[in-house]
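Have the sequence and the 3D view open, try each task, and then go through the solution step by step.

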Amino acid sequence: GMRFQSGKEAAGVKGLILLEKQHVIFGLRLQVRFPLLGNETYVADATYLDDECQGHVIDFKGYKTRDYLRKRKRFFERYHREIEEL
């Protein structure tokens, strides 16, 4: 019942769901909104915690648009962490 913007995102989310079922990752959330400076919002494809309780913000990227690159920079400025591009 889920819809994805690309086959790459669908395959990536399927892999993360399997990892969560195997208890390799925890707290998987999809399409998580992060407020940025101003009225902008970045929507991560997925977030989760690893076995050391480290948070991960995931974006399944085929092509990096100018808009995405700008939001990636603003995300780092606001949260002091990188978006993991898979």
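This is a predicted model: local features need pLDDT of at least 70, side-chain atom pairs count only at pLDDT 80 or more; totals for chains, interfaces and linings use all residues.

**Exercise 1: A residue in a strand**

*Solution.* 
- Step 1. Set aside the neighbours of Arg29 within four places in sequence; Arg29 is then in contact with Asp45, Ala46 and Thr47.
- Step 2. Now compare sequence with space: Arg29 and Val43 are 14 residues apart along the chain, and their C-alpha atoms are 11 Å apart.

**Exercise 2: Is His56 buried or exposed?**

Decide whether His56 counts as buried or exposed, and list what His56 touches.

*Solution.* 
- Step 1. Locate His56 in strand S3, which covers residues 55-59.
- Step 2. The relative accessibility of His56 is 16%. Buried means under 20%, so His56 counts as buried.
- Step 3. Leave out residues up to four places away in sequence, and His56 touches Ala46, Thr47, Tyr48, Asp50, Arg81 and Glu84.
- Step 4. Look again at Glu84: its side chain and that of His56 are joined by a polar contact of 2.5 Å.

**Exercise 3: Rings that meet**

How many aromatic pairs does a search of the whole structure find? Describe the pairs that involve Phe34 and Tyr79 and Phe75 and Tyr79.

*Solution.* 
- Step 1. The search finds 6 aromatic pairs.
- Step 2. One of them is formed by Phe34 and Tyr79, with 5.5 Å from centre to centre and 75 degrees between the planes. Planes over 60 degrees apart count as edge-to-face, so this pair is edge-to-face.
- Step 3. This pair links distant parts of the chain, since Phe34 is in strand S1 and Tyr79 in helix H2 (residues 66-79), 45 residues apart.
- Step 4. Check the burial: Phe34 is buried at a relative accessible area of 14%, while Tyr79 is partly exposed at 27%.
- Step 5. Tyr79 also pairs with Phe75; this pair is tilted, with 4.9 Å between the centres and 40 degrees between the planes. Phe75 and Tyr79 are 4 residues apart in helix H2, so about one helical turn separates them. Phe75 is buried, with a relative accessible area of 0%.
- Step 6. Over the ring of Tyr68 sits the charged end of Lys61, 4.3 Å from the ring centre.

**Exercise 4: The nonpolar cores**

Which residues make up the largest nonpolar core?

*Solution.* 
- Step 1. The 9 residues of this core are Val32, Phe34, Leu36, Tyr42, Ala44, Val57, Tyr68, Phe75 and Ile83.
- Step 2. Two or more of these residues come from each of S1, strand S2 (41-49) and H2.
- Step 3. Take Leu36 as an example: beyond its neighbours within four places in sequence, its contacts include Tyr42, Phe75 and Tyr79.
- Step 4. Another core, of 8 residues, lies apart from the largest one; among its members are Leu16, Ile25, Leu28 and Phe60.

**Exercise 5: The whole protein**

What is the order of the elements from the N terminus on, and how does the radius of gyration relate to the globule rule?

*Solution.* 
- Step 1. Count 2 helices and 4 strands, and read their order as α-β-β-β-α-β.
- Step 2. The radius of gyration is 13 Å, close to the 12 Å that the globule rule gives for 86 residues, so the protein is as compact as a globular protein of that length.
- Step 3. Finish with burial: 31% of the 86 residues are buried.

Note on methods: Residues are numbered from 1 along each chain as its sequence is written. Side-chain values use heavy atoms; hydrogens and water are left out. Buried means under 20% relative accessible area, exposed over 50%, partly exposed in between (1.4 Å probe, protein chains only). A polar contact is a pair of N or O atoms within 3.5 Å; within protein, one must be able to donate a hydrogen and the other to accept it, and residues adjacent in sequence count only if both atoms are side-chain atoms. Contact means heavy atoms within 4.5 Å. Rings of Phe, Tyr and Trp (its six-membered ring) pair if their centres lie within 6.5 Å; planes under 30 degrees apart count as stacked, over 60 as edge-to-face and the rest as tilted. A charge sits over a ring if NZ of Lys or CZ of Arg is within 6 Å of the ring centre and within 35 degrees of the ring normal. A nonpolar core is a set of buried Ala, Val, Leu, Ile, Met, Phe, Trp, Tyr and Cys residues joined through side-chain atoms within 4.5 Å. The radius of gyration is taken over C-alpha atoms; the globule rule is 2.2 Å times the number of residues to the power 0.38.
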